[in-house]
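Okay, thanks for coming, everyone. Let me put the model on the screen, and then I'll walk you through what holds it together and what sits inside.

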Amino acid sequence: MSSVFTMGNTVAKAAALDFGIQWCCWAVAAALRTEKFYDLAGSCTFFTLALLSLKWGRTYFTRQKIQSGMVMAWAIRLGTYLFSRILHEGMDRRFNNVRDKPGVFFVYWTIQGLWVLCTLLPTLLLNQKKRDRPLRKQDYVGWGLWGLGFVLEVVADYQKSRFRADPSNAGQFIQHGLWSISRHPNYLGEILMWSGLYISAASVLSGWEHVSIISPVFLSYLLIKVSGIPLLEAYGMKKWGATAAYQEYVGNTAKLVPFVW
């Protein structure tokens with residue numbers, strides 16, 4: 001019972017800090033009518049909670065340190081990339097009808113807080129474990145998936161950045177490299193990473209703690225059904241849908257998983 005209380009207390013502290021960060025950032029963003037630090041705030045929250053939950057647990061087992069390090073490495077990489085991108089582009093299309101509506105803007109920041117908490121839940125529970133277990137094949141499978149996903153996301157983002165930086169590609173869509181076999185390879189990488197971290201953490205979780213499978217499930221739902229793929233697909237159809245080249249690309253290229261779907 002005490003371990004359940006300790007873990008519940010840790011999750012509660014993490015949730016309070018998580019939503020506190022998002023709502024404070026919302027207040028500033030709403031006053032300035034800007035979304036420029038939205039993604040950066042999310043990434044920084046991931047980094048902060050992963051580090052603090054490790055310190056709160058005070059056990060520092062190998063599995064905990066590796067998992068937390070992976071979360072923090074991902075947060076630094078993605079946060080830096082997204083922040084530099086929005087500074088360059090000046091705006092994020094997702095917020096075109098939102099940044100001037102504080103109430104709706106608040107919902108977006110709250111959803112980000114929910115995304116952070118749900119996605120990070122396996123790591124939060126793992127970092128509060130007081131008893132260690134030897135590393136198992138399951139851990140290496142999970143970390144292998146994370147590594148594959150990390151490489152996919154980094155390479156996909158790099159390829160797209162290089163494509164956009166070339167003036168000759170202005171007004172065109174990318175269809176080479178990883179983007180020739182998946183229309184959203186970066187999102188596939190994201191899903192693989194968090195699925196891998198749940199798989200590794202699950203090697204020491206038990207009972208109700210497996211509710212943390214919500215991490216890859218909720219993330220996948222957001223990317224596939226809500227704020228990721230649907231918005232980009234709609235934008236692509238609006239901008240290039242009338243062209244034969246884009247119709248061919250959509251018809252011949254998997255939406256997410258290469259050669260499957």
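Let's start with salt bridges: I'm counting one whenever a side-chain nitrogen of Lys or Arg sits within 4 Å of a carboxyl oxygen of Asp or Glu. Before I use that, a word on where this comes from: it is a predicted model, so local features need pLDDT of at least 70 and side-chain atom pairs count only at pLDDT 80 or more, while totals for chains, interfaces and linings use all residues. Residues are numbered from 1 along each chain as its sequence is written, and side-chain values use heavy atoms, with hydrogens and water left out.

So, how many salt bridges does the structure hold? There are 11. Some of them form a network, which links Asp39, Asp92 and Arg94.

When I say helix, I mean a DSSP run of H or I with at least four residues; strands would be E runs of at least two, and numbering goes from the N terminus.

Are Arg33 and Asp100 buried or exposed? Both are exposed. The scale is relative accessible area, using a 1.4 Å probe and protein chains only: under 20% is buried, over 50% is exposed, and partly exposed is in between.

Now Arg99 and Glu35, whose side chains meet in a salt bridge at 2.9 Å, N to O. Arg99 is in the loop between α3 and α4 and Glu35 in the loop between α1 and α2, so to speak distant parts of the chain, 64 residues apart. Arg99 is buried at 15% relative accessible area, and Glu35 is buried too, at 3%.

One more pair: Arg77 and Asp157 meet at 2.8 Å, N to O. That links helix α3 with helix α5 (residues 137-165) across 80 residues, and both partners are buried.

What about disulfides? With the rule that two cysteine sulfur atoms lie within 2.5 Å, the count is 0. For Cys25, the nearest cysteine sulfur belongs to Cys24, 7.0 Å away. Cys118 has its closest cysteine sulfur in Cys25, at 19 Å, too far for a bond. Cys25 is buried at 17%, and Cys118 is buried at 12%.

On to the nonpolar cores. A core here is a set of buried Ala, Val, Leu, Ile, Met, Phe, Trp, Tyr and Cys residues joined through side-chain atoms within 4.5 Å. The largest has 52 residues, and those touching the most other members are Phe46, Val71, Trp74, Trp115, Leu120 and Trp194. Helix α4 gives the most to this core, 9 residues. A second, separate core has 9 residues, including Cys25, Tyr38, Phe95 and Phe105.

Take Trp194: setting aside neighbours within four places in sequence, its contacts (heavy atoms within 4.5 Å) include Phe46, Trp74, Leu120 and Pro216.That's my tour, so over to you for comments.
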